[in-house]
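Look over the sequence and the structure below before reading on.

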Amino acid sequence: MIYKKQLLNWLLICFFGFFGIFITFNFQNPLLHLISYWVIIFVAILISKFDLLHPYFWFSIFFGLYSSSYLIILLMGYETTTGYTSENMFFSIIALLTTLLVIGPKKNKITVEKFTCNNEIHSNNLIKKVIIYLSIPLIICVFLISRLDFSSKTELVNNRYIPFLLAAYLVRFITLFISLYIISYNKKQKNNKLIFIAGLSVLLFTLFTAERDGFFRYLIIVIFSLFAIKKIKFKHFPIILLCGIFSILSITYLKYYFVSGNVRDGFLNNNIIYNFFNSDFAAAGENLQVLINNPWTKSLFGIKILFYDLIEPFNIGSNIFNVSIWFNNYFYFGKYSRAFTLVGEGYVIGGIIGVII
């Protein structure tokens with residue numbers, strides 16, 4: 001059964017999505033491309049009624065940052081050798097529109113009671129122990145990694161170094177169980193100590209491997225979990241946003257400090273707005289543009305790389321094709337590894353069809 005309101009919301013998303021496509025096709029002004037793209041995101045946020053837990057809110061904003069930050073810094077006057085074409089924003093709009101339509105505007109009602117059990121005290125004690133038992137081997141793995149001589153994260157990935165692979169999964173499981181712990185915990189009791197200890201172990205992993213997404217994911221999910229149990233309210237978000245920007249800039253500046261002793265000196269020569277967009281977000285848009293500038297990469301690998309993505313998490317010993325590693329080795333060989341692009345993976349699968357898939 002499709003309610004009239006949901007149908008109207010779908011139609012709104014379609015209208016503004018196709019309007020954005022029309023703009024990118026018929027106008028060469030990059031600013032218009034950017035505005036039309038963020039109008040879609042703003043409409044999605046309005047439909048979610050500013051519900052942080054709805055993908056129309058959180059996914060749209062993060063996807064928008066990764067897709068458009070490269071264009072934003074270009075509009076700010078910063079030049080690159082990669083350039084920009086309208087196809088960049090066109091493919092991003094197609095990807096966003098597809099995602100919004102598949103997810104749908106319906107809101108799921110989540111209550112804290114669903115995450116509790118009959119014996120709540122024993123349940124929480126068990127989760128506490130699991131988090132502690134996961135944090136200890138994580139710290140050991142980080143110590144072993146810190147003893148290695150490597151210059152980039154790519155070396156750890158390519159060499160399939162077991163402590164690094166194990167640590168990456170430990171970080172994700174710690175993040176999972178800390179969210180269960182927060183949501184199922186008695187709201188009247190303080191639970192900050194365990195969150196801090198677990199977060200510190202995840203931060204150490206990020207600092208000694210340059211794997212920033214581990215700590216960022218942990219922070220985001222902790223914030224979302226606290227929002228779910230109403231310990232954080234929407235009015236707190238200006239402060240959280242400022243802290244988040246500071247964290248992103250700090251970790252990006254120190255990305256390789258604990259690995260090679262180097263910091264990103266370029267940060268000191270640019271303003272804070274540029275540094276924020278260029279910290280972790282702009283690479284996705286620029287990488288997509290690199291692929292577009294080399295049209296032979298369109299549909300290069302086909303849908304088979306999705307199969308590789310599915311079996312990659314279960315692979316420990318031998319190397320399996322990784323499109324991100326391929327991209328770095330081909331276009332940025334010998335340089336620091338760059339995060340790839342979700343839209344770009346669709347592009348090398350099958351152009352616009354691959355992006356939709």
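How many aromatic pairs does a search of the whole structure find? The search finds 28 aromatic pairs. The model is a predicted one.

**Aromatic rings**

- One of the pairs joins Phe307 and Tyr308, whose ring centres are 6.1 Å apart.
- The planes of these two rings stand at 55 degrees, so the pair of Phe307 and Tyr308 is tilted; the label edge-to-face needs an angle over 60 degrees.

**Helix 15**

- Helix 15 covers residues 323–331.
- Its buried residues are Val323, Trp326, Phe327 and Asn328.
- The buried residues of helix 15 pack against helix 13 (282–293), helix 14 and helix 16.
- At the start of helix 15, the backbone nitrogen of Ser324 has a side-chain oxygen of Asn322 within 2.8 Å.

**The second largest pocket**

- The second largest pocket holds about 330 Å³ of space.
- Helix 3 (55–75), helix 4 (86–103), helix 14 (304–311) and helix 16 (342–356) each give two or more residues to its lining.
- Helix 16 gives the most, with eight residues.
- In total, 18 residues line this pocket, and Leu342, Gly354, Val355, Ile356 and Ile357 lie nearest its centre.
- The lining is made up of 12 nonpolar, four polar and two charged residues.

Terms used
Residues numbered from 1 in each chain as written. Predicted model: local features only at pLDDT ≥ 70, side-chain atom pairs only at ≥ 80, totals over all residues. Heavy atoms only, no water. 1 Å grid on protein atoms, 1.4 Å probe; cavity = no way out; pocket = protein on both sides within 12 Å on 5 of 7 lines; lining within 4 Å. Points joined across faces, edges and corners; volume = space filled by probe spheres on them. Helix = DSSP H or I, 4+ residues; strand = E, 2+ residues; numbered from the N terminus. Nonpolar A, V, L, I, M, F, W, Y, C, P; charged D, E, K, R; others polar. Buried < 20%, exposed > 50% of the residue type's maximum accessible area, 1.4 Å probe, protein only. Contact = heavy atoms within 4.5 Å. Polar contact = N/O pair within 3.5 Å; in protein donor to acceptor, adjacent residues only side chain to side chain. Phe/Tyr/Trp six-rings, centres within 6.5 Å; stacked < 30°, edge-to-face > 60°.
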